[in-house]
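Reader: Hi! Could you walk me through this structure before I set anything up?
Author: Happy to, here it is.

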Amino acid sequence: MMKRCLIRATGRARPDQLAGLGKALAKTGARLLDINQSVTFGMLSLEALVALEHDSALEAMLSEAGDSLGLDIQAIAVSADDYHRWSLEASQPRLILTLLAPRLPAGILAEVGGLTAEFGLHVELVHRLSGREPLDGESPGNGACVECWLRGDDVNLAALHEKALALGAQHGVDIAIQEDSIWRRHRRLVCFDMDSTLIKAEVIDELARRHGVGDEVAAVTEQAMRGELDFKQSFRARMSKLEGLDEAVLAEIAEELPLMDGVEPLMANLKRLGYRTAIISGGFTYFARHLQEKLGFDEIHANELVIENGKVTGEVQEPIVDAERKAELLEAIALREGWMLEQTIAVGDGANDLKMLGKAGLGIAYRAKPLVRAQARQAISTLGLDAVLYLIGYRHSDLLD
């Protein structure tokens, strides 16, 4: 009768150990069912599940192999029930939980362990995506990131997301949870909001300030926040305050746009990795074009200012890019390129980005207000924009600095 056995080997890593252990198992006539090996700080941990007809010589053979390879090797019998349970667990859906912060406090592991246990999730693998911390104790330049693979059945993702968001806020850590699938490794399109996402500014507020109507525009914005005006109404009302603004002011502001932390390495890596990138913004093409030239975006979609005789008229060309239009544009680009929506990523900070974030395969609220963070599926608040690469699954060693 076929027996199943878990072989567990630990010890200081050497190059010849996998070959030596494989030869020992081959002598027993074992068939390999599964294997996992990792080396952490020079220490090897290997688990191999094997099936074999006779295990009478197994322990002696493994003991001899362990002595020659410098490993402590154990053989653990696996019952039919245990094997069946393992097979069921391996077929459960996988979730990816990502921890992001300038530094990760050790206590967060206990908190995350408690959270996953509460939802009946098994931790399958934990590994670090970010680079190692410098010996001088300084935080890594692009922060710390650890990824956990989880398995479980019938998980209430909405409730898990809500609790993870609250837990992360307590500890100053971003906790992102996404379903694993083939599409996670085959994203093709990344669409960005512009103001307060790619740049550390709201351009319309800066235009108003330069034109001396900052308070008037702020009053219209407040009306919109109270629900008295929808986006298009408030946008037109704010634009009307800019009538007569000199076009030269636009050029000055474009040259002074403060880039968001991490945007330059993010764009360099996305271009290197073959992603198509787009700005989809409720701001203005005048400034989006400037970012396109500077950072290499493939396309831009924003509002076109009407300028006559070197002056802003206070109007924009139709259609206005609002929340619905943003989502439509993301879908249209994907359809044009022949990609599925699951292959798209959207990044934004405002309520008018939520429909675009919801439409994308991976929607990320970046340094957003609490309401937007709560409604978006993923959120990053603690690191630069290049942390988006961690959510796609890249390691620091894969990327350009």
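Author: A word on terms before we start: domain bounds here come from an automatic or database domain assignment. This is a predicted model, in which local features need pLDDT of at least 70 and side-chain atom pairs count only at pLDDT 80 or more, while totals for chains, interfaces and linings use all residues. Residues are numbered from 1 along each chain as its sequence is written, and side-chain values use heavy atoms, with hydrogens and water left out.

Reader: Thanks! Which domains does the assignment give?
Author: The assignment gives domain 1 (3-87), domain 2 (92-179) and domain 3 (189-398).

Reader: And how far apart are the C-alpha centres of domain 1 and domain 2?
Author: Those two centres are 30 Å apart.

Reader: Is Asp 193 buried or exposed?
Author: Asp 193 is buried, because its relative accessible area is 5% (buried means under 20%, exposed over 50%, partly exposed in between, with a 1.4 Å probe and protein chains only). Asp 195 has 7%, so Asp 195 is buried as well.

Reader: Where in the fold is Asp 193 found?
Author: Asp 193 is in the loop between strand E9 (189-192) and helix H6 (203-211), and Asp 195 is found in that loop too. Helices (H or I, at least four residues) and strands (E, at least two) are DSSP runs numbered from the N terminus.

Reader: What does the side chain of Asp 193 make a polar contact with?
Author: With the side chain of Thr 197, at 3.1 Å. A polar contact is a pair of N or O atoms within 3.5 Å; within protein, one must be able to donate a hydrogen and the other to accept it, and residues adjacent in sequence count only if both atoms are side-chain atoms. Beyond four places in sequence, Asp 193 also touches residues including Lys 326, Asp 349 and Asp 353, where contact means heavy atoms within 4.5 Å. The contacts of Asp 195 include Ser 281, Gly 283 and Asp 349.

Reader: Switching topic: which residues touch the most other members in the largest nonpolar core?
Author: In that core of 59 residues, they are Phe 192, Leu 207, Phe 284, Phe 287 and Leu 291. A nonpolar core is a set of buried Ala, Val, Leu, Ile, Met, Phe, Trp, Tyr and Cys residues joined through side-chain atoms within 4.5 Å. Helix H15 (residues 388-392) gives the most to this core, namely five residues. At least three residues come from each of domain 2 (92-179) and domain 3 (189-398).

Reader: What about Tyr 83, where does it lie?
Author: Tyr 83 lies in helix H3 (residues 80-90) and is partly exposed, because its relative accessibility is 22%. Tyr 83 touches Arg 4, Leu 33, Leu 49 and Val 78, leaving out residues up to four places away in sequence.
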